[in-house]
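Hi everyone, thanks for coming. Let me put the structure up, and then I'll walk you through it.

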Amino acid sequence: MATITTATGGNELGATMPPNFVARVGTLQTFELPDQVTGNQDDIVMGRALIDTWRRDGILQIAMNGKQEKLLKDAFTASKQFFGKPHAEKAACVDSQSYSGYIASGEEVTNGIADYSEIFTVTKTFDLSEPKVKEHWPCHGPCPWPDAEMKDPMQLYLADLGETGEKLLHLIEYGLGLERSSLTKYTKDGWHHMRILRFPANNANGKGPAGRGIGSHTDYGLLVIAAQDDVGGLFIRAPSKDEKTENWQTSAAGFREDDKGWIYVPPVPGVFTVFPGDMMQYITNSYLPSTPHKVGLNTRERFAFAYFHEPSFQAVMSPLKGFDVGQSPKEGIHYGTHFTNMFMRNYPDRITTDRMIRENRRALLDKPELRTIT
Ligand SMILES: O=C(O)CCC(=O)C(=O)O
Ligand SMILES: [Fe+2]
């Protein structure tokens, strides 16, 4: 971290840390992204600085522009309005073919333990008439939006983050000394998705350990771009030579959840926090490792967004030039398979998982038509 202070002793940023957690408080490095990334000297310098910061801290902040602050404000308003609806109305927002839609508190499982978060997931949306849906591609289906009040602001927010994600990938390409599009070739038709999150206040229900919002985990794709309100709850682990997860081989869920060494990410207005995901780790041979993180419940309810900038569902990821040391798996990683595996593991009782198994939809994942981006 640029500066690290201890939570104890009344540090101002640490004052929002959820009760009963022991962690250092991070003061994260903040970057202001250029309007366009062309590969000029400034872009190369910024790309290198982003990479150095992730390698040291595991996370960094990027400043929002005015438009993004407005999009986020509207998204928070829509999120609060949605989560305030009666349970039955929210619970009706599910789909048997896609993992989009509502996840009740206690429904998601991380490392075998129920998470307290209440979530609306937005994956790519497909009409029932589209060929990929008719052919039963895993995870392809409609998003069961409750109404336009939710759909419209969320789609605008998601689209804007898509642009930010592409900019970041280009900066990383230049920072790593790679050819332009070495990363963005994978994100054409990217399987970008988002989790709209609400965490109840600490005194809630009894399904999982008290105070645990989401258990420790890594996320699946290239970059996670998150935003949170002023309540506080997110913790991360910075890269360390003694710690290694490889979530596509062995689940990183529950990783060092109760160990020392967590860093609290205090809420800072006007910034997104950004960290790498599993696919970034694999293709860089852990030069940019996927950042383990977890969420604690606080004394007030908390709202947050986690946006995932991802490869195409059809992408088979291979190590980048200069990072190919024969890492496992040698045949590459099919992102659509990794995504499907992770969602089936997190939602074992969902109708989507049930139908996936009943119709043996996973068999399609091996077909060449689902592996067209290499
Ligand atoms: O609540 C947060 O800040 C992060 C949530 C998260 O890790 C996730 O949704 O995967
Ligand atoms: Fe996460």
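Let's start with aspartate 219: its relative accessible area is 7%, so it is buried (under 20% relative accessible area, with exposed over 50% and partly exposed in between, using a 1.4 Å probe and protein chains only). Histidine 217 is buried as well, at 12%.

A quick word on the basis: this is a predicted model, where local features need pLDDT of at least 70, side-chain atom pairs count only at pLDDT 80 or more, and totals for chains, interfaces and linings use all residues. Residues are numbered from 1 along each chain as its sequence is written, chains are lettered from A and ligands numbered from 1 in the order written, and side-chain values use heavy atoms, leaving out hydrogens and water.

So what coordinates the iron ion, ligand 2? His217 (NE2), Asp219 (OD) and His293 (NE2) do, at 2.1 to 2.2 Å. Donors here are N, O and S atoms within 2.8 Å of the metal (3.2 Å for Na, K and Ca); water is not among the atoms, so sites may look incomplete. Along the chain, the donors follow the spacing H-x1-D-x73-H.

Now for ligand 1. The residues around it, with a heavy atom within 4 Å, include His217, Asp219 and His293, along with Leu197, Phe199 and Val295. An N or O atom in the side chain of arginine 195 is 2.6 Å from one ligand oxygen. For arginine 302, the distance from a polar side-chain atom to a ligand oxygen is 2.8 Å, and for histidine 217 it is 3.2 Å.

Technical notes. A polar contact is a pair of N or O atoms within 3.5 Å; within protein, one must be able to donate a hydrogen and the other to accept it, and residues adjacent in sequence count only if both atoms are side-chain atoms.
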